[in-house]
Amino acid sequence: GFRTCVLTNSWLDDTSWRSLTAALGQRLRRRFHLVLESCRLGRRKPEPEVFSCALEALGVQPHEV
């Protein structure tokens, strides 16, 4: 089968609207195998390390995607 991943350029939300951001994150986590947020990786897209983290977390090699 297929494994799916979402890479987001997100931030830690400390605004009064943070519950909406959190709700979106929960919806994504229910629908995808993996959700990686740049703010939690200490990286941002398009830095290659973000994609390397995703490949490692999914347990695949670049030629398999």
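The second largest pocket has a volume of about 220 Å³. The structure it belongs to is a predicted model, in which local features need pLDDT of at least 70, side-chain atom pairs count only at pLDDT 80 or more, and totals for chains, interfaces and linings use all residues. Residues are numbered from 1 along each chain as its sequence is written, and side-chain values use heavy atoms, with hydrogens and water left out.

On a 1 Å grid over the protein atoms alone, a pocket is an open set of points where a 1.4 Å probe fits, with protein on both sides within 12 Å along at least five of seven lines, and lining residues have an atom within 4 Å of a point. Grid points are joined across faces, edges and corners, and a volume is the space filled by probe spheres set on the points.

Lining the second largest pocket are Phe-2, Arg-3, Cys-5, Leu-7, Phe-51, Ala-54, Leu-55, Leu-58, Val-60, Glu-64 and Val-65. Two or more of the lining residues come from each of β1 (5–8) and α3 (48–58), where helices (H or I, at least four residues) and strands (E, at least two) are DSSP runs numbered from the N terminus. Helix α3 gives the most to this lining, with 4 residues. By class, the lining of the second largest pocket has 9 nonpolar, no polar and 2 charged residues; Ala, Val, Leu, Ile, Met, Phe, Trp, Tyr, Cys and Pro count as nonpolar, Asp, Glu, Lys and Arg as charged, and the others, Gly among them, as polar.

The largest pocket holds about 360 Å³ of space. It is lined by 16 residues, of which Ser-10, Thr-21, Ala-22, Gly-25 and Glu-37 are the closest to its centre. Both α1 (18–31) and β2 (34–37) supply at least two residues of this lining, and the largest share, 8 residues, comes from α1. The classes here are 6 nonpolar, 5 polar and 5 charged residues.

The structure holds 2 of them. One joins Glu-37 to Arg-29, with the closest N and O atoms 3.0 Å apart; the other joins Glu-37 to Arg-40, with a corresponding separation of 2.8 Å. For accessibility, buried means under 20% relative accessible area, exposed over 50%, and partly exposed in between (1.4 Å probe, protein chains only). Glu-37 counts as buried because its relative accessibility is 16%, whereas Arg-29, at 37%, is partly exposed and Arg-40, at 60%, is exposed.

Turning to the interior, a nonpolar core is a set of buried Ala, Val, Leu, Ile, Met, Phe, Trp, Tyr and Cys residues joined through side-chain atoms within 4.5 Å. The largest such core has 6 residues: Leu-7, Leu-34, Leu-36, Val-50, Ala-54 and Leu-58. Strand β2 and helix α3 each supply at least two residues of this core, and the largest share, 3 residues, comes from α3. In soluble globular proteins, nonpolar side chains tend to be buried together.

Leaving aside neighbours within four places in sequence, Leu-58 is in contact with Arg-3, Thr-4, Cys-5 and Leu-34. Thr-8, which lies in strand β1, is buried at a relative accessible area of 19%. Not counting residues up to four places away in sequence, Thr-8 touches Leu-36, Glu-37 and Ser-38.

Terms used
Salt bridge = Lys/Arg side-chain N within 4 Å of Asp/Glu carboxyl O. Contact = heavy atoms within 4.5 Å.
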